[in-house]
Amino acid sequence: MTFELPLLILLVMTAAGALLVKDLISAVFILGSYSFTLALVWALLGAVDVAFVEAVVGAGLATVFFLLTLFRASVKDTQIRRSPVPLVAVVGLPLLAILLLYGAGDLPAFGDPASPASTHIAPTYIDNSVSQTRTPNVVTAVLMDYRALDTLVETIVIFTAGIACALILRNNDK
Amino acid sequence: MIHPHDSVIVRTLGRIVIPVAQLFGFYVLVFGQYGPGGGFVGGVILAASMILAILVFGLDAPDSRIASMVLHGDGLGLLIFAFVGGMCLIGGGQFLNYTYLEIPGLDSASRHYVGILLTQVGVAVDVAVTGVSIAVSLSTDDNGVTGKEVLDG
């Protein structure tokens, strides 16, 4: 568990760098490294499937989409001019952070088997996944079998995104 | 429109990397029931490999003909997914309850296994096609018009 602090520092640094840098193309690449660091954090916490998705989508595909969008834009649009930060954000966001940290103190400990999330329905999935579906990876069994309707609607969302992009961006004249 | 890349290094590396990436995408797709991965991640990796082919060789090149063929498959993955669910309805059960998939010679758990595999293929096809489609949409630029000028009219 000695990796936690360096990863946290790297995460905050890349997030701040993506926000502060002037050039949007640099910001996209820093955001990609942020996603990769976040994927390492997920892997460290044992959520390997989430880490895989974060690495592939956040650091891979999203970066490509951002870059293609920026290549479409003109050069002066890829530079940002910053206005001064409003006072309500300077005061309000630290207060919100303190409130969230205060609330986080009451969360169950990481990996606590007696926490509500681990006692509700998760044991059923873990116990029955292999015998009912022959699928050792419980995450896949939940996504594709026990919660298949949710996944179907997610697939519809992705399909709709592709259709919307084609409708808005493609030139239909020819 | 994306034009093919000039550099011989990029083209050579593309020829090596793209098949490996596609093989890895298929591996992740079919290995999703035993380890991390699955339809979504496998589809994204396949999409990334085809986007790479388009970026390196151009959309009209013979080397990226799979990527331009894939564009005609919009909605196919969704159809596969919904078709599996509909087959469960025809078998006499609830929508997407794989126990009622009418596959002779398989017990309930094996039917669930086949159902999960088929729906994962559906998700992967949908994600891969959508990824390539969005990339092509974003890079369609026939008259040198930028996105901002299109928005401004």
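Mentor: The contact draws on 43 residues of chain A and 48 residues of chain B, where two residues are in contact if their C-beta atoms, placed from the backbone, lie within 7 Å. This is a predicted model, in which local features need pLDDT of at least 70 and side-chain atom pairs count only at pLDDT 80 or more, while totals for chains, interfaces and linings use all residues. Residues are numbered from 1 along each chain as its sequence is written, and chains are lettered from A, with ligands numbered from 1, in the order in which they are written.

Trainee: Which helices of chain A supply at least two residues each to the side that touches chain B?

Mentor: Helices (H or I, at least four residues) and strands (E, at least two) are DSSP runs, numbered from the N terminus. On the side of chain A that touches chain B, α3 (48–72), α6 (122–133), α7 (138–146) and α8 (148–169) each supply at least two residues. By class, that side holds 24 nonpolar, 13 polar and six charged residues. Here Ala, Val, Leu, Ile, Met, Phe, Trp, Tyr, Cys and Pro count as nonpolar, Asp, Glu, Lys and Arg as charged, and the others, Gly among them, as polar.

Trainee: How many helices and strands does chain A have, and what is its radius of gyration?

Mentor: Chain A has eight helices and zero strands. The radius of gyration is taken over C-alpha atoms, and the globule rule is 2.2 Å times the number of residues to the power 0.38. For the 174 residues of chain A the rule gives 16 Å, whereas the radius of gyration is 21 Å, well over that figure, so chain A is more spread out than a compact globule. Its C-alpha trace spans about 60 × 50 × 30 Å along the principal axes. An automatic or database domain assignment divides chain A into domain 1 (1–82) and domain 2 (113–174), and the C-alpha centres of these two domains lie 24 Å apart.

Trainee: Why does D49(A) count as buried?

Mentor: A residue is buried if 20 or more other C-beta atoms lie within 10 Å of its own, exposed if 12 or fewer, and partly exposed in between. D49(A) has 20 C-beta neighbours inside 10 Å, and therefore counts as buried. D49(A) is located in helix α3 of chain A. Leaving out residues up to four places away in sequence, D49(A) touches V139(A) and P36(B). Of the 174 residues of chain A, 20% are buried.

Trainee: What is the secondary structure of chain B, and what percentage of its residues is buried?

Mentor: Chain B comes to six helices and zero strands, and buried residues make up 43% of its 153 residues.

Trainee: How is the length of helix α1 of chain B to be read?

Mentor: The expected span of a helix is 1.5 Å times one less than its number of residues. Helix α1 (residues 8–31) of chain B has 24 residues and should span 34 Å; its end C-alpha atoms are 35 Å apart, which agrees. α1(B) also bends by about 30° at G14(B), the bend being the angle between axes fitted to the seven residues ending there and the seven starting there.

Trainee: Which residues of α1(B) are buried, and against what do they pack?

Mentor: They are G14(B), I18(B), G25(B), V28(B) and L29(B), and they pack against α2 (39–57) and α5 (108–139) of chain B. G25(B) counts as buried because it has 23 C-beta neighbours inside 10 Å. Beyond its neighbours within four places in sequence, G25(B) is in contact with G42(B), I45(B), L46(B) and S49(B). G25(B) and L46(B) are 21 residues apart in sequence and 5.3 Å apart in space, C-alpha to C-alpha.
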